[in-house]
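Here is a short report for a reader new to this structure. Keep the sequence and the 3D view open while reading.

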Amino acid sequence: MTFLNTSNNLAGKVVGFANSFYTFINLGNTNRVLTEENTRLKKRIQYRNTYPADTALPEQSESYSFEYIPAKIVNNSISKSINYITLNKGSKDGIQKGWGVVSSNGVVGIVTNVSENFSLVMSVLSVKMLVSVRHKKTNALGNLSWNGKSPALLQIQNISKTLPVKKNDTIVTAGFSSIFPPDIIVGKVKRFSPDESSSFYEMDIEPTNAISRLSYVYVVKNSKKKEIDALESTALNE
C-alpha cells in the first residue's frame, strides 16, 4: 500500500511539473504575442500623433508598407514647363531620390534631388512627369501627364473609349509602382471626348491638389522600393 501511495505521489508530482512546464511555455508565447501587439499599438498611436487627423493616407497595400515623412515647402514654382518644389527635409531625414510626394488631398510629385537638409521635387505640373493612374469606377489603367498649359487641368491617356466614363468620375493612383501607394486620389474627370485617331479618350481632369496653395506635404517611404527596383531593372538589362 505504501509503495502504491508513493507511486501515486510521484506520478502526481510528474504531472504537476509537466503542467507547470507547459504553462511556463504557453506563458512565454502569450507574453511574446502581447509584446508584439503592444509594439503594434504604440506604432499606431505614434502614427496618429504624427499625422493630422484629416489624412487618409494608406499605411500599407498588398505588397508594400508605407511611412510618411512630413515636410514643409520652402519654394514652389508653377509658371514653367517643368516645375519644382523645394522641401525643408533632406538626406539626414532619410529622404532619397525617386520617392513619391503626396498631401492629404492627393499626388504632388517625385523627389529628383536630395541634399543634406533639402529635397527637390518635380511636381505633377511638369511636362516630363508621368504617373500610373486608374479610373476608379472601371479599374481601367491610364497615365497622368501635364500638357504645360493650365495648372488647373491635368491630362489622362490610354483610357479606352469603350468604357463608361462620366464627368466627375474619380482618378486615383494605380499603386503598381513602388513610388505611390494605391488609391491616392489624383483628380476628377472634368471633360472627355473620343480621340478619332486612337482607341482612347482625350481626357482632362481637375486635380484635387492645388499645388500653388500647398504648405506641407508628405514624402512617401516604401521600405521595399530598393528591392523591387533592383529586381525590375534586371528585366530591362536582359
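## Serine 77 and its loop

Serine 77 sits in the loop between E1 and strand E2 (82-87). Strands are DSSP runs of at least two residues, numbered from the N terminus. Serine 77 counts as buried because its relative accessibility is 18%. Buried means under 20% relative accessible area, exposed over 50%, and partly exposed in between, with a 1.4 Å probe and protein chains only.

Beyond its neighbours within four places in sequence, serine 77 is in contact (heavy atoms within 4.5 Å) with Asn83 and Tyr84.

## Basis of the model

The model is predicted: local features need pLDDT of at least 70, side-chain atom pairs count only at pLDDT 80 or more, and totals for chains, interfaces and linings use all residues. Residues are numbered from 1 along each chain as its sequence is written, and side-chain values use heavy atoms, leaving out hydrogens and water.

## Two loop residues with positive phi

Asparagine 168 is not a glycine, yet has a positive phi of about 75°. Its loop lies between strand E8 (154-157) and strand E9 (170-173).

Aspartate 183, also not a glycine, has a positive phi of about 65°. Aspartate 183 is in the loop between E9 and strand E10 (185-194). Aspartate 183 counts as partly exposed, at 45% relative accessibility.

Notes:
Helices (H or I, at least four residues) and strands (E, at least two) are DSSP runs, numbered from the N terminus.
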